[in-house]
Each structure stands twice: as C-alpha cells, then as structure tokens.
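Here is a friendly walk through one model, from its strands to its charged pairs and a few side chains. Please have the structure open as you read.

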Amino acid sequence: MRTRSAPVSKSKKSEDETNAKTLVAAEKPSKTFILPSSTSDNARLVSLPNPQSGELTRYFFCPDRGIYEFTVVAPPAHMARSILFTPRTRETSNPLDEEKKDPEPSAQGSITKKAEFLVATPIDALFFMVPLLAPSSKSGRSLFQPFDDIIDSQDDMPKHLRQVLYDDEFRDSLLARAEAICEVVQAGDEKMFRFNETRLVQELITKAERMADRGLPVSLEERFVRQALATPLMSVKREDVATSQEPSNESQDSASKSEVRDNSPSTVATTATPSIGTPAGESTPVPQPPSEESTASDHITRLLRISTALAFMKESYLPATMASRLDEILESAESPIDFKPLKDRLKEITDLRAQALASRDMSNFTRKRALDDEEEDIRGEKKRRKDEAEKKSKAAESQAVKKLKKVNTSGMQKMSSFFAKAAPKKKT
C-alpha cells in the first residue's frame with residue numbers, strides 16, 4: 001500500500017525559492033570603486049581630458065582633497081576570479097536586544113563575474129594645467145596673463161574641467177600649483193602667470209627625488225634599477241684556473257721563509273703576550289671608513305631611481321611634445337641635475353656585457369647559449385599567451401567535438417573525398 005506525503009503549502013514553497021535565490025548577478029555593466037574616505041558632499045565623478053593623451057577619462061574630484069585617478073587592480077586574464085558582495089551586519093553586545101527588535105527583511109547579496117577594483121589614487125592638479133599654461137608652437141613665448149584669462153582663452157575646454165577650475169573651494173590649491181611651474185608677477189590686486197619650463201623640470205625632479213627616497217615599487221626597482229646596474233660574469237678559461245691553482249716556486253720559497261721567521265724566538269715572544277685593552281685571542285675592531293666605490297655606486301643607484309621616476313611621469317602625465325622638450329633641458333648645461341655619471345656607468349656596463357659575450361668559447365657547442373633577461377621575458381610572454389589561447393579554445397569546444405576527437409578514424413575516408421569529382425568513365 002503506497003502512501004503519499006502531505007502536499008507542500010504555497011507559502012513554504014515561496015520561502016524556499018527566495019532563500020535559494022539570495023545571490024543574484026550584479027547589474028551589467030558593474031564596476032567596483034574604492035573611493036577615499038572623509039570626502040565633502042560636493043565630491044563627484046567627472047570626465048577630464050587625460051594630461052598625456054587629451055582623451056576624456058573618468059576621475060574623482062573632491063574640492064577639499066583634490067583630483068583622483070582610477071587605477072585598475074585585477075587578476076591575470078588566465079586566472080578567473082569573482083567578487084561576492086554581502087550586506088553589512090550589525091553587531092550587538094546584548095543578545096536580548098536582538099530578540100526585542102523587529103526582524104529586518106533579509107537583504108540579498110550579489111556576485112560579479114569579473115574581479116576588478118578601481119582604486120582612486122591622488123593625482124597632482126599640476127599635470128592638468130600644463131597643457132593650458134604651456135604656449136603652443138604657433139603663439140611662441142607666452143605672456144603674463146591672469147589665470148581667468150588663460151581659462152577663458154580655451155574655447156574647446158570640456159565643461160567638467162571648467163567647473164573644476166572655477167570651483168571656489170579648490171581655487172586656492174589650484175593657484176598654488178600653478179605658481180610652482182609659472183613666473184608670477186603682482187599687478188595690483190591680481191596675479192599674472194607665465195609658464196616656465198625650467199620651473200616644471202625642477203618640480204618634477206623634486207617629485208622624483210621624493211619617490212626615490214621613499215622607495216620605488218618592487219617591480220620598477222627590479223626591472224629598471226637592479227637589472228640595469230647588474231654587471232655580467234666574465235668567462236674564465238680552464239687553463240687560467242689550473243695555472244692559478246698551481247703554486248709557483250717563488251711562492252713556496254717565500255712561504256718557507258715566513259715559516260722560519262714565525263718560529264724565531266722574537267716572534268713567538270711578541271705573539272704570546274696579549275694586549276692590555278682587549279682580552280686574549282681577540283682583536284680590536286678598527287672602524288673602516290666608507291669606500292669611495294660604495295659611495296659612488298649609491299649615488300649612481302639614486303640617480304637611476306630618479307631617472308626612472310622622471311621617465312614614468314613624462315610617459316604617463318605629460319604630452320609627447322612637452323616630454324621631448326624636458327629631455328632637451330635635462331641633457332643641456334642648464335639641467336638642475338647632472339646625469340653624466342649615470343650615463344658613463346651604463347655605458348661601461350654595456351661595454352662589459354659586450355666583452356662577456358665576445359669572450360665566450362664559441363668552439364664549445366655542447367654548452368647552451370645563455371639567454372638575456374629580455375629574451376626570457378619574451379619567451380615567457382609567448383608561452384603564457386599560447387596557454388591562454390589553448391585554454392580558451394578548449395573551453396569553447398562542445399562535448400560533441402571533444403567526443404569526436406577521441407574516435408579512432410584510422411582507415412576511414414576523409415569527408416572531402418565524398419565531394420571530389422567523379423573519375424571519367426571509360427569509353428566502351
């Protein structure tokens with residue numbers, strides 16, 4: 001005899017469905033922003049021209065804290081990740097208080113398929129004013145002008161940038177950054193500005209020195225500082241090693257003479273008497289002054305860090321024409337910093353690497369050629385792209401295609417053979 005269970009009520013069935021669907025996909029397109037805390041109520045997202053390319057890009061603007069750019073933090077393409085968002089829970093010290101409170105409606109969580117964060121990082125407003133203050137190639141040398149006249153002369157300025165420049169709360173900090181790269185003249189109650197390239201170079205060098213003192217990121221330090229200053233290992237022939245290990249007759253004679261001198265009575269008497277200030281068997285440490293080579297290497301390393309920081313700022317935040325002009329100033333005699341010791345050291349390392357490659361024994365074909373760091377990086381990048389392409393192709397294949405690949409097709413005719421032209425019939 002079969003028995004049937006009691007039918008599930010509709011209310012209980014709806015509760016189970018809602019509990020099973022607590023996680024829903026986030027809206028598309030969805031982006032996760034990490035914004036600074038303690039911002040003003042007038043903080044907002046704005047579209048400003050990129051200082052390097054001039055294209056409109058999304059920024060975060062706060063009149064009290066300045067302008068922020070968004071840095072994308074995401075996992076590699078071959079590593080699939082997702083983000084789970086859950087509602088914030090309130091923590092109460094007394095569990096009885098939770099029972100007295102009315103039950104809150106259950107908040108739903110969401111999940112994003114793409115694990116990507118847009119972190120707001122501060123950017124100096126100085127870089128946005130360089131394209132405005134710098135004179136164009138047609139106008140030549142700029143003249144002293146009020147800041148408002150410089151802004152009004154730009155007819156095609158985006159409206160968001162005009163709002164940022166005319167913001168009353170942000171005005172004082174904006175004028176302070178303009179004075180850092182301009183010559184300022186007081187005309188009555190108003191200040192007049194004229195762009196100065198030397199002041200811009202000095203300001204960028206100050207930023208680069210601050211970055212070098214605080215320490216560059218690990219990736220930049222390894223790639224552009226340590227690898228650039230690494231000296232190659234010179235190859236040594238086996239004959240040279242064998243001759244250096246064999247002691248000569250002169251060294252043996254000198255060693256025997258030194259043993260005779262050590263066994264003399266005067267020498268034994270002096271070595272057996274310990275010194276007054278130090279215990280027996282220990283020597284007094286003598287402070288060694290820093291050598292000139294270590295001091296010079298530290299100075300060159302710091303110069304290379306400053307040069308790396310300058311190159312990063314020029315390539316990221318300055319137009320191409322302005323970056324080339326700054327390179328000319330840094331190479332001239334008017335440069336605020338001298339990079340000649342760094343250039344000489346890099347040239348010396350380049351010559352050493354060329355000598356190391358030339359000194360290798362080309363007759364020994366059994367030894368594999370040593371790969372440079374750039375070649376290894378290129379091979380690793382090619383291998384990674386190949387693996388990603390294979391994974392994508394495998395993921396796109398259906399189950400039917402995978403099963404067909406496992407079929408033994410030996411002895412079967414190809415599909416193209418059925419569509420080939422028929423052989424001509426023999427005439428009888």
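Three strands make an open sheet in the order β9-β11-β10, with antiparallel pairing. Because β9 (145-146) and β10 (182-187) are the edge strands, each with a single partner, one side of each has no neighbour in the sheet. Strands here are DSSP E runs of at least two residues and helices are H or I runs of at least four, numbered from the N terminus; two strands pair if DSSP finds at least two bridges between them. This is a predicted model, in which local features need pLDDT of at least 70 and side-chain atom pairs count only at pLDDT 80 or more, while totals for chains, interfaces and linings use all residues. Residues are numbered from 1 along each chain as its sequence is written, and side-chain values use heavy atoms, leaving out hydrogens and water.

Within this sheet, β10 and β11 (residues 190-195) are joined in the antiparallel sense by 6 bridges. E183 sits opposite R194 in β11. The side chains of R194 and E183 also form a salt bridge (2.8 Å, N to O), a term for a side-chain nitrogen of Lys or Arg within 4 Å of a carboxyl oxygen of Asp or Glu. Since R194 belongs to strand β11 and E183 to strand β10, the pair ties together parts 11 residues apart in sequence. R194 is buried, at 16% relative accessible area; buried means under 20%, exposed over 50%, and partly exposed in between (1.4 Å probe, protein chains only).

Other strands pair too. β2 runs parallel to β8 (residues 117-123), with 3 bridges between them, and the bridge partner of I34 in β8 is V119. β5 (residues 66-73) pairs with β8 in the antiparallel sense over 7 bridges; there, Y68 stands opposite P122 in β8.

The salt bridges number 20. Three of them are listed here.

| Salt bridge | N to O distance |
|---|---|
| D124 and K207 | 2.9 Å |
| R194 and E183 | 2.8 Å |
| R305 and E221 | 2.9 Å |

How far apart in sequence are the parts that D124 and K207 tie together? D124 lies in the loop between β8 and α3 (126-133) and K207 in helix α7 (residues 197-214), so the pair links parts that are 83 residues apart. Both D124 and K207 are buried.

The side chains of R305 and E221 meet in a salt bridge as well. With R305 in helix α12 (residues 292-317) and E221 in helix α8 (residues 218-229), the pair ties together parts that are 84 residues apart in sequence. R305 counts as partly exposed because its relative accessibility is 26%, whereas E221, at 11%, counts as buried. Salt bridges with shared partners also connect D124, R177, E203 and K207 in one network.

Now to Y166, in the loop between α5 (159-165) and α6 (171-179). Is Y166 buried or partly exposed? Y166 is partly exposed, because its relative accessibility is 32%. Beyond its neighbours within four places in sequence, Y166 contacts D148, I151, D152 and R171, where contact means heavy atoms within 4.5 Å.
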